[in-house]
Amino acid sequence: MPVVHEDGQLVARIREGDLSALGALYDKYRLQVFHTALAVTRDRQAAEDILQEAFLKVHSYANRIDLGVPLAPWLYRVTVNLSYTWATRQSKWRTSLETLIDRLVAPPRAAPEGRFEVRDLQARIQRAVDALPFNQRVVIILHYLSDLSLKEIAYILDCPVGTAKSRLHYGREALRRALSTSVEPQATPALEVVYDFT
Amino acid sequence: MTSHDCHAWADAELDHVLASTLRESVRGKEPPARVRESLLRAAEASRRRSIRISLPVVGVDDLGAKGLPESASWDHPRAQPRSWGMPTMVWLLEAQFSKLRAIG
């Protein structure tokens, strides 16, 4: 007879319609899911929505969840996928908004790094993490915040371990470069003024 | 970038500063209680919907294949004909015979 993990016992109860088991799983994993979603999205409201949606998926897909293993990797995978969906929608909005602003604000302006004096190390690091491509950012967050191994990250992202490893490597290198250059800000050439009212 | 800067962000230091920054960014942040309440309400609603959908609806067509359950009868609202299959014809013939019996 297959061994049922303690999470699997709760999932089995959810299958039978016991919602207190869903509450118990929520209480156990809510911070992991919430913190991951918050770190990826940097948006509290989005993180709350993702948290609720992730556990609703536990309820909806209880019949498909493997009862013999811990739920955490599956939950991380769902959380990352939901965060990706959110980030994709957000980036479309942000891109169109930025394009609009670029067209309206004609005066030359410097890059953000040149305009603001960098004061706080953690703020700089946070900005650098936020600026990473989604795939690298997620690996960095899962590795450094959630303390997951490359094998676990590879399972969550549904990719080979080598891919997770290279994303971690490139993410770290990008952060190292961003932090090093921000110590000595380089002068950014002014952007060309373009008046485009078409 | 100077060689000093490169040294400042050696692997171990970068690892440490990344981990501490990310942990600090979420420290003490908890989801509000309403998320749990809302989750359980939504799950309950979903559970009720799925029960409603999975309730067996006894139709005449089903009866033709499975036989008439003891609790069911032709007069039961769920047993009303839905299509013109053989069970429907039986139902109509029975109704006609009933009328004839009443007349005769």
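A:Leu31 is partly exposed, because 15 other C-beta atoms lie within 10 Å, and a residue counts as buried only from 20 or more such atoms and as exposed at 12 or fewer. The structure discussed here is a predicted model. A:Leu31 sits in helix α2 of chain A. Between A:Leu31 and A:Leu51 there are 20 residues in sequence and 9.0 Å in space, taken from C-alpha to C-alpha. A:Leu51 itself belongs to α3(A) and is one of the residues through which that helix meets α2(A).

**Chain A as a whole**

The secondary structure of chain A consists of nine helices and zero strands. Read from the N terminus, the order of elements is α-α-α-α-α-α-α-α-α. Of the 198 residues in chain A, 31% are buried. For contacts in chain A between residues at least 6 apart in sequence, 72% link residues that are at least 24 apart.

**Packing around α2(A)**

Helix α2 of chain A packs with α1(A) and with α3(A). The geometry of both pairs is set out below.

| Helix pair | Axis distance | Angle | Handedness |
|---|---|---|---|
| α1(A) (residues 6-15) and α2(A) | 7 Å | about 145° | left-handed |
| α2(A) (residues 19-41) and α3(A) (residues 44-60) | within 8 Å | roughly 140° | right-handed |

With axes crossing at roughly 140°, α2(A) and α3(A) are therefore oblique to each other, since angles over 145 degrees are needed for roughly antiparallel.

On the α2(A) side, the contact with α3(A) is made by A:Leu22, A:Leu25, A:Tyr26, A:Arg30, A:Val33, A:Phe34, A:Ala37, A:Leu38 and A:Thr41. Their counterparts in α3(A) are A:Arg44, A:Ala46, A:Ala47, A:Ile50, A:Leu51, A:Ala54, A:Phe55, A:Val58 and A:His59. By class, the residues of this contact comprise 14 nonpolar, two polar and two charged.

Helix α7(A) is mostly covered, with nine of its 11 residues buried. The buried residues are A:Gln136, A:Arg137, A:Val138, A:Val139, A:Ile140, A:Ile141, A:Leu142, A:His143 and A:Tyr144. A:Ile140 lies 9.9 Å from A:Tyr170, C-alpha to C-alpha, across a sequence separation of 30 residues. A:Tyr170 is in helix α9 of chain A. In contrast to A:Ile140, which is buried, A:Tyr170 is partly exposed, because 15 other C-beta atoms are within 10 Å.

**Contact with chain B**

The contact between the chains involves 33 residues from chain A and 27 residues from chain B. In chain A, α2, α3, α6 (121-130), α7 (134-144) and α9 (161-183) each provide at least two residues of the side that touches chain B. Helix α2(A) gives the largest share, 10 residues. The side of chain A that touches chain B is made up of 18 nonpolar, 10 polar and five charged residues.

How values were computed:
Residues are numbered from 1 along each chain as its sequence is written. Chains are lettered from A and ligands numbered from 1 in the order in which they are written. This is a predicted model: local features need pLDDT of at least 70, side-chain atom pairs count only at pLDDT 80 or more; totals for chains, interfaces and linings use all residues. Axes are lines fitted to C-alpha atoms, for helices over the stretch in contact, and angles run from 0 to 180 degrees between N-to-C directions. Helices (H or I, at least four residues) and strands (E, at least two) are DSSP runs, numbered from the N terminus. Angles under 35 degrees count as roughly parallel, over 145 as roughly antiparallel, 65 to 115 as roughly perpendicular and the rest as oblique. A crossing is left-handed if the near helix is turned anticlockwise from the far one by less than a right angle, and right-handed if clockwise. Two residues are in contact if their C-beta atoms, placed from the backbone, lie within 7 Å. Ala, Val, Leu, Ile, Met, Phe, Trp, Tyr, Cys and Pro count as nonpolar, Asp, Glu, Lys and Arg as charged, and the others, Gly among them, as polar.
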